[in-house]
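Me: I am new to this structure and would like to go through it step by step. Could we begin with the ligands?

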Amino acid sequence: MSLKLGVPSKGRLMEQTFDWFADRGLRLARTGSAREYAGTVNGVDGVELVLLSASEIPRELAAGRIHLGVTGSDLVRETLPDWPASVTELAQMGFGHADLILAVPVTWVDVETLDDLDAAAAAFRARHGFRLRIATKYHRLVREHLRAQGVADYQLVDSQGATEGTIRNLTAEAVADITSTGETLRANHLKILQGSPIHQSQATLFAARGADWSSTGQTLQRLSDRLGLPMPTGFSAQV
Ligand SMILES: Nc1ncnc2c1ncn2[C@@H]1O[C@H](COP(=O)(O)OP(=O)(O)OP(=O)(O)O)[C@@H](O)[C@H]1O
Ligand SMILES: O=P(O)(O)OC[C@H]1O[C@H](OP(=O)(O)OP(=O)(O)O)[C@H](O)[C@@H]1O
């Protein structure tokens with residue numbers, strides 16, 4: 001049985017993943033046409049490349065259908081309840097950095113912090129008769145963060161893309177989304193609430209606890225050696 005390595009199938013995340021492995025002596029390459037999501041790994045025997053949407057990789061890891069996977073740390077935390085029970089982090093890869101933040105319109109001059117948002121949310125509910133709406137696709141992470149900070153007077157509305165546009169479209173009053181350059185927020189006249197981001201994400205190499213390691217433990221050992229990573233505990237090489 002080969003060890004299945006899942007990597008993002010397109011865009012910068014795929015290219016930077018290929019570069020990260022190449023810097024460590026492993027050549028990842030797509031095979032066939034640009035639309036064929038299969039590939040090869042040269043440098044360590046017994047590793048099969050599986051190209052997947054970055055957002056599907058957490059679920060594939062949790063189901064044990066891939067042994068290793070590269071995706072954003074935000075997507076693993078958002079997708080998998082109790083993620084450390086399903087996967088273990090092998091390496092933070094140093095690219096794909098993005099902060100999950102809360103943002104409100106720049107015209108809300110009295111709202112700079114989460115405490116301010118909490119106060120504004122109470123006033124909003126009193127005035128409008130419904131809870132302030134926060135648009136996001138990061139439901140789990142946002143709920144956990146707001147619960148930990150004692151903020152309850154809000155509702156989440158789902159937005160799977162173009163989230164910053166929801167305020168202009170009057171479907172939300174605030175957004176929780178990832179940002180890297182800040183350009184999308186600026187273009188939509190939004191400002192980030194002060195304080196730590198909800199999560200600081202980067203591309204990360206994960207191993208699936210539930211995958212079948214019975215015949216792939218030795219391959220993981222060879223791969224870890226090649227990448228200069230310690231062999232993770234609980235995945236010991238099988239002879
Ligand atoms: N503007 C950005 N800058 C840096 N990282 C980003 C940016 N947008 C997304 N990311 C990161 O890239 C990863 C993948 O994001 P995204 O959700 O777009 O992938 P995806 O849903 O798999 O894409 P698709 O469904 O179109 O294949 C996430 O971990 C996210 O944090
Ligand atoms: O801070 P910036 O560099 O402007 O990047 C932030 C934008 O990037 C992501 O969107 P993406 O391009 O993935 O499209 P989406 O809106 O469909 O999620 C994210 O959702 C923000 O909209």
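**Ligands, domains and a helix**

Reply: The shell around ligand 1 comprises 5 nonpolar, 6 polar and 1 charged residues. Here Ala, Val, Leu, Ile, Met, Phe, Trp, Tyr, Cys and Pro count as nonpolar, Asp, Glu, Lys and Arg as charged, and the others, Gly among them, as polar. This is a predicted model, in which local features need pLDDT of at least 70 and side-chain atom pairs count only at pLDDT 80 or more, while totals for chains, interfaces and linings use all residues. Residues are numbered from 1 along each chain as its sequence is written, and chains are lettered from A and ligands numbered from 1 in the order in which they are written.

Me: Which residues are around ligand 1?

Reply: They are L13, S53, A54, S55, G72, D74, L75, G96, A98, I178, S180 and S201. A residue is near a molecule if its C-beta atom, placed from the backbone, lies within 6 Å of it. Domain 1 (3-96 + 202-227) and domain 2 (98-200) each give at least three residues to the shell around ligand 1. These domain bounds come from an automatic or database domain assignment.

Me: How far apart are the C-alpha centres of domain 1 and domain 2?

Reply: The two centres are 32 Å apart. In the contact between the domains, 4 residues of domain 1 meet 7 residues of domain 2, where contact requires C-beta atoms, placed from the backbone, within 7 Å. The side of domain 1 that touches domain 2 has no nonpolar, 1 polar and 3 charged residues.

Me: And ligand 2, which element supplies the largest share of its shell?

Reply: That is β10, with 3 residues. Both β10 (174-179) and α7 (183-187) supply at least two residues of this shell. Helices (H or I, at least four residues) and strands (E, at least two) are DSSP runs, numbered from the N terminus. The shell around ligand 2 divides into 2 nonpolar, 7 polar and 3 charged residues.

Me: Changing topic, which residues of helix α8 are buried?

Reply: In α8 (residues 217-227), T219, L220 and L223 are buried. They lie on the same side of α8 because they cover an arc of only 100° around the axis, taken from the directions from the helix axis to the C-beta atoms. Their cover includes β1 (3-8) and β4 (47-52).

Me: Why does L223 count as buried?

Reply: L223 counts as buried because it has 26 C-beta neighbours inside 10 Å; the cut-off is 20 or more other C-beta atoms, placed from the backbone, within 10 Å of its own. Leaving aside residues up to four places away in sequence, L223 touches V44 and V47.

Conventions:
Two residues are in contact if their C-beta atoms, placed from the backbone, lie within 7 Å. A residue is buried if 20 or more other C-beta atoms lie within 10 Å of its own, exposed if 12 or fewer, and partly exposed in between; C-beta atoms are placed from the backbone.
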